Amino acid sequence: MNDKRMSEAEVVGRLADGMTVGIGGWGSRRKPMSIVREICRSPLRDLTVVSYGGPDVGMLCAAGKVREVVFAFVSLDTIALEPHFRRARESGAVAARQVDEGMMLLGLQAAAWRVPFLPTRVGLGSDLPRLDPSLRTVTSPYPAPGGTHEELIAVPALHLDAAIVHVNRADAGGNGQVLGPDPYFDDLFLEAAGLRFLSCERIVPTAELTAAGPVQSLKVTRLMVDGVVEAPGGAHPTSCAPDYPRDEAFQRDYAASAKDPDGWERFRKEWIDGLDEPAYQARVKG
Amino acid sequence: MTHVAQQVRRADVCAVAIADCFRGDGEILANPIGNLPVLGGRLARALHEPRLVMTDGEAHLAGEVHPLGAAPEVVEGWNPYRRMFDVLWNGRRHVMMGASQIDRYGNQNIAAIGPDPDRPARQLIGFRGAPGNTINNPTSYWVPNHGTRVFVEKVDLVCGIGYDRAAELGEVARFHDLRQVITNLAVLDFETPDHRMRLRSVHPGVTVEEVVAATGFELAIPDEVPQTRLPTPDELAAIERLDPGGLRLREVKD
């Protein structure tokens with residue numbers, strides 16, 4: 001088995017300006033934040049970010065890394081609206097391609113299956129086609145019960161140049177294990193991507209994976225992974241059940257930093273600039 | 001009756017109205033979003049719709065009717081986010097969403113406020129699952145702050161689709177089914193010939209005129225507008241058990 005271990009910096013070194021990057025997790029849950037922080041430290045720019053969005057999206061927007069966000073929502077869960085993302089949108093700093101949550105799933109699935117689109121009712125009648133004129137429909141070749149040939153939305157494959165996700169455990173070859181109750185869409189993000197990176201709380205010998213949880217918890221196979229980062233606490237401040245809950249106090253401070261123009265600069269000086277991940281974790285434990 | 005009406009808590013009336021909104025649903029996933037809607041859904045399941053299936057707000061299907069803020073002790077199923085799409089695209093779900101704006105046909109906006117979608121005056125949560133919800137399974141809305149900023153002539157963005165847009169789509173929208181809009185003032189529905197929003201009942205202590213003044217479009221108003229029914233003693237006891245911390249009272253004031 002290949003040893004695919006690498007650092008956050010090595011992951012970011014494989015990314016390039018203008019890439020479309022998919023980020024796993026959901027809202028403020030199990031986000032690959034150690035890699036997100038490293039992107040914030042890098043000179044990368046003009047990224048298109050695809051995410052069931054949380055502070056990953058807000059931080060990357062505040063750090064000026066984002067050209068466009070593909071999103072159905074961006075939320076901190078206990079704080080409904082992501083304030084840095086809001087600021088970026090209301091100032092016109094980032095473009096948006098808005099989708100329904102289910103359309104994002106279908107787009108990723110189409111890319112993963114290498115088909116050009118998947119048909120759905122989702123989006124019909126809504127303003128999504130008005131906001132995204134490139135969204136096409138397809139006419140069913142089969143009659144519906146009422147005899148009409150239904151015209152459905154053709155959700156285009158959502159190809160990712162790279163995907164980053166964070167799970168509880170992995171082995172050095174990239175087999176990933178989700179010990180929490182919800183795998184979200186992490187495996188789909190990896191399958192939809194050209195470059196596929198997995199961070200985890202702990203890298204363990206393969207045999208320990210099925211000792212820690214049922215075989216169904218092995219949601220990520222090494223077939224779909226190019227690099228593995230061991231990042232204890234790497235989802236902080238988002239939750240990583242059952243290893244740790246969300247750091248609500250930290251998240252409140254992060255959210256408050258969007259309130260004044262210098263807030264983000266203060267936040268990034270304290271929590272991003274000049275720190276590597278071990279130094280960040282040491283400061284969090286502070 | 002008037003005397004009783006003055007004592008009843010508005011939040012309790014709302015909880016019961018929400019519970020009644022799930023009446024007759026049978027064995028489907030009742031998926032209310034927000035504290036008062038969840039309380040109403042659980043009240044329905046506890047008292048008159050025992051076959052309802054409900055989540056714990058996370059990846060579990062709760063095997064019992066448990067209080068707000070607690071985790072269920074019994075779990076009857078696994079429903080991570082991805083499986084929610086299997087349920088909702090299958091249609092066996094009745095969702096109750098919020099609405100930042102809603103119009104007379106039930107077109108709903110939760111994405112952004114302002115005329116320019118590229119640079120919104122106020123970025124809100126996003127389209128979330130509203131387009132998919134409304135075209136695939138029964139949908140109701142909960143509005144805790146009935147006013148002219150929410151009930152508008154025209155929504156800035158159509159996320160959840162209303163009856164006019166569904167009608168234009170024809171057969172492909174045959175699963176579209178908006179049920180009720182429940183607010184802190186009233187219960188509304190779409191049971192009119194062209195599915196324009198109708199005032200179904202006003203909560204005790206609220207007048208029809210107040211609802212009209214708080215609505216930015218013309219409502220269909222029957223000659224006789226009934227009062228939203230009062231909670232029964234059994235319902236009040238269940239509400240107390242399911243919301244011992246009084247979260248509902250923070251959401252809707254008397």
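Why is helix H3 of chain A largely enclosed by the rest of the structure? The legends below begin with this helix. This is a predicted model, in which local features need pLDDT of at least 70 and side-chain atom pairs count only at pLDDT 80 or more, whereas totals for chains, interfaces and linings use all residues. Residues are numbered from 1 along each chain as its sequence is written, and chains are lettered from A and ligands numbered from 1 in the order in which they are written.

**View 1. Helix H3 of chain A, residues 55-62.** The helix is largely enclosed because 8 of its 8 residues are buried (20 or more other C-beta atoms within 10 Å of the residue's own, with C-beta atoms placed from the backbone; 12 or fewer is exposed, and in between is partly exposed). Among the buried residues are Pro55(A), Asp56(A), Met59(A) and Cys61(A). Helices (H or I, at least four residues) and strands (E, at least two) are DSSP runs, numbered from the N terminus. Gly64(A), which follows H3(A), has a positive phi near 75°.

**View 2. The side of chain A that touches chain B.** In chain A, 39 residues are in contact with 35 residues of chain B (C-beta atoms, placed from the backbone, within 7 Å). Helices H4 (83-90), H5 (101-113) and H6 (128-131) and strand E7 (151-156) of chain A each give two or more residues to this side. H4(A) supplies the largest share, 4 residues.

**View 3. Ser217(A) in the loop between helix H8 (206-212) and strand E11 (227-230) of chain A.** Ser217(A) is partly exposed, as 18 other C-beta atoms lie within 10 Å. Not counting residues up to four places away in sequence, Ser217(A) touches Gln177(A), Val178(A) and Leu179(A). The C-alpha atoms of Ser217(A) and Val178(A) are separated by 5.3 Å, although these residues are 39 residues apart along the chain.

Notes. Contact = placed C-beta atoms within 7 Å.
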